[in-house]
Amino acid sequence: MADFIQYCIAFSELDEAAINALLQNVTTKSFDKGTYLLKEGDVCKHLYFINEGLVKSSFYKGDKEFIMRFFPENILFSLFDSYFPQTPSRCMITALENTTATLINYHAMETLCQQHHCIETFFRKLVAVASAKMMKRISEMLEENATERYNLFLQENSAIIQRINLGDLAKYLGIAQQSLSRIRATR
C-alpha cells in the first residue's frame with residue numbers, strides 16, 4: 001500500500017486528509033495467472049494499481065488478439081475509454097502472472113476528486129500521462145517498422161521483457177511470431 005501512495009504523491013502532493021481518504025476507498029485483490037481483472041463487455045469500474053505481478057490489456061478482432069499495453073508493478077491505470085463513460089469495454093485486462101492489485105472504484109474516485117483538490121490534480125495529471133502514452137503508442141504503430149518497435153520496446157521495458165512470452169510480444173508489436181524471431185536473430 002505504501003507504494004500506491006508514493007506513486008500518487010509522485011504526480012501531485014497529497015495532504016494527510018487526502019491520503020487517509022484514498023486509503024479508506026481502496027481494496028486489494030489477488031488474481032491468478034490467466035484470470036481477468038476485466039472481461040470484454042464489462043464496464044471498467046476501477047483504477048488498477050499493480051502491487052505485484054504483470055497484466056496486459058488486449059482485445060480480439062475475429063480470432064486475432066491485439067495487445068495494447070503491458071502493466072507491471074507500480075503502475076496505476078484504467079481502460080479510460082470504458083472508465084469515463086462507464087460503458088462496456090471492448091478490451092479486457094488479463095493477469096500474465098499471479099497479480100495483486102489495489103483498486104479504486106470509479107464512484108469513489110469521483111467523490112474523492114470533488115472533496116480533495118489535490119486528488120483531483122493528481123487524477124488530472126494521471127489521465128494526461130496516460131493520454132500521452134497512448135498517443136505515443138499509436139504513433140509508434142503508424143510510423144515505426146517492426147524492428148524499430150521491437151528495439152524501442154526493449155529500451156523502455158527491459159525490466160519486464162523476460163516476463164512476457166514471445167507470442168504476446170509479437171501481438172503487441174503487431175507482427176507474426178516468426179517475424180519477431182527473425183528480428184531477434186539479427187540482434
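## Arg163 and its two partners

Glu97 and Arg163 form a salt bridge, with their closest N and O atoms 2.8 Å apart. A salt bridge here is a side-chain nitrogen of Lys or Arg within 4 Å of a carboxyl oxygen of Asp or Glu. Glu97 sits in the loop between β7 (92-95) and β8 (99-105) and Arg163 in the loop between α6 and α7, so the pair ties together parts that are 66 residues apart in sequence.

Arg163 also meets Glu73 in a salt bridge (2.9 Å, N to O). This pair links distant parts of the chain, 90 residues apart: Arg163 lies between α6 (146-156) and α7 (166-173), Glu73 in the loop between β5 (64-71) and β6 (76-77). Arg163 is partly exposed, at 27% relative accessible area. Glu73 is partly exposed too, at 26%. Buried means under 20% relative accessible area, exposed over 50%, and partly exposed in between (1.4 Å probe, protein chains only).

## Basis of the model

This is a predicted model: local features need pLDDT of at least 70, side-chain atom pairs count only at pLDDT 80 or more, and totals for chains, interfaces and linings use all residues. Residues are numbered from 1 along each chain as its sequence is written, and side-chain values use heavy atoms, with hydrogens and water left out.

## A buried salt bridge and its network

Lys56 and Glu65 meet in a salt bridge (3.0 Å, N to O). Lys56 counts as buried at 8% relative accessibility. Glu65 counts as buried, at 8%. A network of salt bridges links Lys56, Glu65, Asp168 and Lys171. The whole structure holds seven salt bridges.

## A buried arginine without a bridge

Arg137 belongs to helix α5 (residues 117-143). Helices (H or I, at least four residues) and strands (E, at least two) are DSSP runs, numbered from the N terminus. Arg137 is buried yet has no salt bridge. Its nearest side chain of opposite charge, Glu140, is 4.8 Å away. Lys and Arg count as positive, Asp and Glu as negative; His and the chain ends are not counted.

Leaving aside neighbours within four places in sequence, Arg137 contacts Ile67, Met68 and Tyr172. Contact means heavy atoms within 4.5 Å.

## The chain overall

The chain has eight helices and eight strands. Of its 187 residues, 44% count as buried. Among contacts with a separation of 6 or more, 72% join residues 24 or more positions apart. The C-alpha atoms fill a box of roughly 55 × 30 × 30 Å along the principal axes.
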